[in-house]
Amino acid sequence: MDKIRQKLKDLPTQSGVYIMKSDSNQILYVGKARNLKNRVNQYFSGTANKTEKTMRLVARIADFEYIITTNEIEALVLENNLIKKHKPPYNILLKDDKSYPFVKINVKQDFPKVEVVRKLKNDGAKYFGPYMQGITSKDILELVESAFCLRSCSHDFSRLPKNHRPCLNYHINRCLAPCSGRCDKEQYAKQIEEVISFLSGNDKKIAHLLQQKMNDAAENEDFELAIFYRRKLEILDKLVRRQVTALPKDFDIDIFAIASNGLNTVVSVLFVRGGKLVGGDKQVVSDLSPSDEVVLSNFILAYYDKVNYIANEIVIASQIDECELLGEYLTQKKGSKVNIILPHQGVRRQLADMALNNASDYLEKSLSIKEREDNMTVGAIIQLQEYLKLPKMPIRMECYDISHVQGTDKVASMVVFTNGAPNKAHYRKFKMKHALGNDDFAGLQEALTRRIDELVKGEDESFGSRPDLLVIDGGKGQLSSVVEILHEKGADDIAVIGLAKREEEVFVPHQSAPIILPRNSYALKVLQRIRDEAHRFAITFHRSLRQKRQTHSKLLAIEGVGEKRVKALFDAFKNIENIRNATVEDLLLVKGIDRRAAENIYNHFHPKIS
């Protein structure tokens, strides 16, 4: 502590980023500051204004570093980059599986279709949303498809034959059939303009169209179709009733609110699109910043870094840290002015209060859920470090497993947990090249050899991240084979353990007796979860390879089909079921497939009955 007190005295007053570290030199927390001296001193000066969760962080801090920046924007960007790189356990880390649905129209295409996506790209397309909770993106898509005649297929029109026939949607007046030349670009573009107008908040045109279609169906005594359109009108009515009074129809607003009890924190966000309240979300967050103002500011930054869509206006229910700075950064990121507003009255204050009520309600109901999540994740890896006397907290854990049947289609899986939770974007898999046959020890050695070689290259994001702990599915034998490879590769500093399935014994290098973790401990549960996940991932990959090999063998038995054509078929149709359902004309669109081969493939799956 004397070392920290001395460093606190020497802190500069410029802007920058500070990095809190544990006694094993592990990064625990990264923060930004307009004034480094004032901000970092907040953590160590008294306990009166600090929450219990912040005091937990301070208790683990053994040292800190700082980086001076030329301005506050640089500090904000550097903080964001360091958090993404190191994934500190006490910073806000939005869940990898938290992606919001948007409606996309690629206006650069001659005949664009309306589709639902979960990833926004800077591709010139128009995106609308997100939609959720009550009015979903699926509801919006069905409304569009029932009112306007647009294509829903993914055909590449340039590759279609001139005599291509339109599908059923054309015959039931659900598509203008641009695929067969039955409408030109101008006609189709008018439909797209109407859709964009509707998604921007103008719903009178679509209401009129749906009402007309319902009446026409009823007059023709097609009552089932009339009921279909009536249901779409009910969905539209629900959307219209969410119109926020006193807001322009083309207005997009995100509303953020925070609620905290000193130990747990919830952030609520509401979405207004086209002047309508279309949904919201709530998240329990873990960020040990010195105040809720900083937590909310950090959440907004992390949120927009993930969803890649910034509304015209951001409404906050309470004050946030560095509000002007955050607004300036988001303006630069969006490319147009972003206003951050703390309203005190009017419709925006009503929306802010609604978001705050949602956050407070969820906080009250989520305490036990949050506590359990913390225990199962960050709490588990803290406990694991203590039980196994690991040199550092196992923030990044990797687990390996081998799968094969009698040595065929042999594969290895690499599963990654970050802060005690699956990090699926970092999972990797290996096809065995050398360690063939039934020797699982050799399989593990090949997988670890290739993994460590990739660590040195640092070209892949996952392979380039150094693990804090390797978990091997197996006992002494499997562990020894991996330790041997780590020694050969000069990676002895990477901690490694073996988890034997029968008795759930933990084996560590150079120790004959296993470590028995308490059966109800979160430390054992996180090891079991990562071991089971590695096993599942390996088996799934093995089965897919085996099925693909068997399928390839069946296709190769067709006259005129070789390896190149098999690959081309899978590139075009993705799976055997799509190949089976393809027509001769569909097959002819595949590169390298002539009519004779197409007919042979079709006849193979559709034998003529004599």
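Start by selecting Met20: leaving out residues up to four places away in sequence, Met20 touches Gln26, Ile27, Leu28, Tyr29, Val40, Tyr43, Phe44, Ile61, Asp63 and Phe64, where contact means heavy atoms within 4.5 Å. Before moving on, keep in mind that this is a predicted model, in which local features need pLDDT of at least 70 and side-chain atom pairs count only at pLDDT 80 or more, while totals for chains, interfaces and linings use all residues. Residues are numbered from 1 along each chain as its sequence is written, and side-chain values use heavy atoms, with hydrogens and water left out.

Helices (H or I, at least four residues) and strands (E, at least two) are DSSP runs, numbered from the N terminus.

Five strands make an open, mixed sheet in the order S9-S8-S7-S10-S11; two strands pair if DSSP finds at least two bridges between them. S9 (276-285) and S11 (339-341) are the edges, each with a single partner strand, so one side of each has no neighbour in the sheet. Zoom in on S7 (residues 253-260) and S8 (residues 265-273), which run antiparallel and are joined by eight bridges. Here Ala259 stands opposite Val266 in S8.

Show the helices too. H10 (residues 292-307) lies across S7, S8, S9 and S10 (313-316), at about 140 degrees to S7; axes are lines fitted to C-alpha atoms, for helices over the stretch in contact, and angles run from 0 to 180 degrees between N-to-C directions. H11 (residues 323-334) lies across S10 and S11, at about 150 degrees to S11.

Jump to Leu556, in helix H16. Beyond its neighbours within four places in sequence, Leu556 is in contact with Val561, Gly562, Glu563 and Val566.

Finish at Asn423, in the loop between S14 (421-422) and S15 (428-431). Asn423 is buried, at 4% relative accessible area.

Terms used
Buried < 20%, exposed > 50% of the residue type's maximum accessible area, 1.4 Å probe, protein only.
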